[in-house]
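Q: Please take a close look at a single part of this model. I want the packing geometry, the contacts and the confidence behind them.

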Amino acid sequence: MALPGPLRSSNREPIPIDARAADHLRYIRETMESAAEFTAVPGWGGVAMGITALVAAFVASRQATPRAWLAVWLVEAFVAVAIAAPAAATKAHRANSALFSGPGRRFVLSFVPPIVVGGFLTFALYQAGVLAALPGMWLLLYGTAIVTGGAFSVRVVPVMGLCLMLFGGAALFAPASWGDAFMAAGFGVVQMGFGWWIARHYGG
């Protein structure tokens with residue numbers, strides 16, 4: 001009767017210990033990145049954005065034509081981006097974190113789609129002559145962007161988004177003449193208040 005052969009080859013090469021260590025470190029790093037929060041939301045940048053929004057609301061309310069009114073708020077949108085982008089990059093650099101990797105990338109990918117939708121709807125509503133719906137729509141979609149992006153950030157960020165959405169919902173059903181007041185309250189006061197809180201409690 002033949003004896004059974006060995007179940008495994010005794011010549012199998014062992015895995016080098018440094019390869020195992022590298023795999024473990026890579027797994028730990030990826031796990032930590034997936035669990036981390038995006039903390040580079042700019043607090044003082046948010047305060048500055050709120051101040052410029054209050055100025056824009058005042059200037060827009062004094063415009064004589066819908067086109068001029070829209071131009072004021074579009075300029076304000078570009079000013080807000082010019083404030084927020086470098087402020088977030090500076091805060092991320094101070095925290096030794098990359099702005100577009102890990103939680104930062106997920107924040108941006110969740111934040112951008114509602115903003116893009118807002119751009120398309122702005123053009124469509126302007127073409128249709130329905131400018132009265134713009135303040136509510138802007139606040140709702142910006143709030144939605146903050147909520148979805150804030151799912152990867154500290155808890156106060158999605159709360160800010162919900163407040164903006166509440167103002168946006170109210171603006172849709174309020175008289176059209178109240179639009180600038182709602183935007184001053186949302187883009188201005190809410191942004192300044194939460195920006196100050198974030199700056200005080202989450203590193204600037």
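A: H5 passes H7 in a left-handed crossing. A crossing is left-handed when the near helix is turned anticlockwise from the far one by less than a right angle, and right-handed when clockwise. Helices here are DSSP runs of H or I with at least four residues, strands are E runs of at least two, and both are numbered from the N terminus. This is a predicted model, in which local features need pLDDT of at least 70 and side-chain atom pairs count only at pLDDT 80 or more, while totals for chains, interfaces and linings use all residues. Numbering runs from 1 along each chain as its sequence is written, and side-chain values use heavy atoms, with hydrogens and water left out.

H7 spans residues 179-201. Its axis and that of H5 lie 9 Å apart, at an angle of about 25 degrees. Axes are lines fitted to C-alpha atoms, for helices over the stretch in contact, with angles from 0 to 180 degrees between N-to-C directions. H5 is therefore roughly parallel to H7 (under 35 degrees; over 145 is roughly antiparallel, 65 to 115 roughly perpendicular, the rest oblique). On the H5 side, Pro135, Trp138, Leu139 and Tyr142 make the contact (heavy atoms within 4.5 Å). H7 supplies Gly179, Phe182, Met183, Gly186, Phe187 and Gln191. The classes in this contact are seven nonpolar, three polar and no charged. Nonpolar covers Ala, Val, Leu, Ile, Met, Phe, Trp, Tyr, Cys and Pro; charged covers Asp, Glu, Lys and Arg; the others, Gly among them, are polar.

Trp138 also has a ring partner. Its ring centre is 5.7 Å from that of Trp69, with the planes at 10 degrees, so the pair is stacked. Rings of Phe, Tyr and Trp (its six-membered ring) pair with centres within 6.5 Å; planes under 30 degrees apart are stacked, over 60 edge-to-face, the rest tilted. Trp69 sits in helix H3 (residues 66-94), 69 residues from Trp138.

Next, H5 against H6. H5 covers residues 134-150 and H6 covers 156-173. Their axes come within 7 Å and cross at roughly 160 degrees. That makes the two roughly antiparallel. This crossing, too, is left-handed. From H5, the contact residues include Gly136, Leu140, Gly143 and Val147. Among those in H6 are Met160, Leu164, Phe167 and Gly168. The tally is 15 nonpolar, seven polar and no charged residues.

H6 and H7 close the set. They pack at about 170 degrees, axes 10 Å apart. They are therefore roughly antiparallel. H6 contributes residues including Val156, Cys163 and Ala170, and H7 others including Val190, Phe194 and Trp197. This contact divides into 16 nonpolar, two polar and no charged.

Gly203 lies in the segment after H7. Setting aside residues up to four places away in sequence, Gly203 touches Lys91, Arg94 and Ile198. Its C-alpha atom is 8.8 Å from that of Pro42, 161 residues away along the chain.

Last, confidence. The protein's mean pLDDT (the predictor's confidence in each residue, from 0 to 100) is 82, and 76% of residues reach 70 or more. Residues 27-36 fall below 50, and this stretch has six contacts in the model beyond near neighbours in sequence.
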